[in-house]
2 protein chains.
Amino acid sequence: MEKINIAEKMSLFDDHWVPRIVGELNGQFVKVVKLKGAYDRHHHAGEDEMFLVVKGRFRLELPGRTVELEEGEFFIVPRGIEHRPVAEEEVQVLLFEPASTLNTGNVRTERTLERLEWI
Amino acid sequence: MEKINIAEKMSLFDDHWVPRIVGELNGQFVKVVKLKGAYDRHHHAGEDEMFLVVKGRFRLELPGRTVELEEGEFFIVPRGIEHRPVAEEEVQVLLFEPASTLNTGNVRTERTLERLEWI
């Protein structure tokens, strides 16, 4: 039960697309992640997913439209909705999602992580 | 399914201690609130509560200790733990908690809100 400084947690890693867990509440995880480049299009069948931009900007490609997200903005991708994050430059993002959420959703790729690290 | 700009939502109200709902995911609400002054000490029997400082600073008085929270920091108050937020100056906070959470927890006061507004 300690306070979490988000910038400090972000300083602990440099890689992209590897979320780290920084908090848990009510069966949900709070995660930090750095994104750069284009991710795999995927969805999460039973889980809504929230992306909150801490630093930088990126876009979420959704069915039929694209949402541009900047610092201080968030977007909730409802369960079942295909999405593809794309970051031209590195972006720092806070994620909120159920503890059960797999990072690549319904798709298994070399980016799929079976187990996330707490930092 | 629109993006949310947190600063924009914060600009829509001036009162203190009245959370507004700005998002919902997995049975949890995302809320924005402005705090100023000292709140009632309370706990939530079955719900963990997350406080994320968007702007300003405040302190959370907990059993036997006090946590000072600044911009970019968050704290998760586990269910059942007594807490009392105190803000010397106005602070803008993002809250994450189950949709069922009552703002004053186990205590009913003139600040108790039976129903929160979506903005």
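A salt bridge is a side-chain nitrogen of Lys or Arg within 4 Å of a carboxyl oxygen of Asp or Glu. In this predicted model, the structure holds 26 salt bridges over all chains.

**Arrangement of the chains**
- Chain A is superposed on chain B by a rotation of 180° with 0.0 Å of shift along the axis, at an RMSD of 0.0 Å. The two copies are thus related as by a two-fold rotation axis.
- The copies meet through the same surface, because 100% of the interface residues of chain A are also interface residues in chain B.

**Salt bridges in chain A**
- A:Glu88 and A:Arg59 form a salt bridge whose closest N and O atoms are 2.8 Å apart. The pair links distant parts of the chain, with A:Glu88 in strand β8 (residues 84-98) and A:Arg59 in strand β5 (residues 57-62), 29 residues apart.
- A:Glu88 is exposed at a relative accessible area of 58%, whereas A:Arg59 is partly exposed at 22%.
- A network of salt bridges links A:Arg41, A:Arg59, A:Glu61, A:Arg84 and A:Glu88.
- A:Arg108 and A:Glu114 form a salt bridge with closest N and O atoms 2.4 Å apart, and both residues are exposed.

**A salt bridge in chain B**
- B:Glu117 forms a salt bridge with B:Arg20, with 3.6 Å between the closest N and O atoms. B:Glu117 lies in the segment after β8 (84-98) and B:Arg20 in strand β2 (residues 20-25), so the pair ties together parts that are 97 residues apart in sequence.
- B:Glu117 is partly exposed, with a relative accessible area of 44%, while B:Arg20 counts as buried at 9% relative accessibility.

Methods:
Residues numbered from 1 in each chain as written. Chains lettered and ligands numbered in written order. Predicted model: local features only at pLDDT ≥ 70, side-chain atom pairs only at ≥ 80, totals over all residues. Heavy atoms only, no water. Least-squares fit on C-alpha atoms with pLDDT ≥ 70 in both. Contact = heavy atoms within 4.5 Å. Helix = DSSP H or I, 4+ residues; strand = E, 2+ residues; numbered from the N terminus. Buried < 20%, exposed > 50% of the residue type's maximum accessible area, 1.4 Å probe, protein only.
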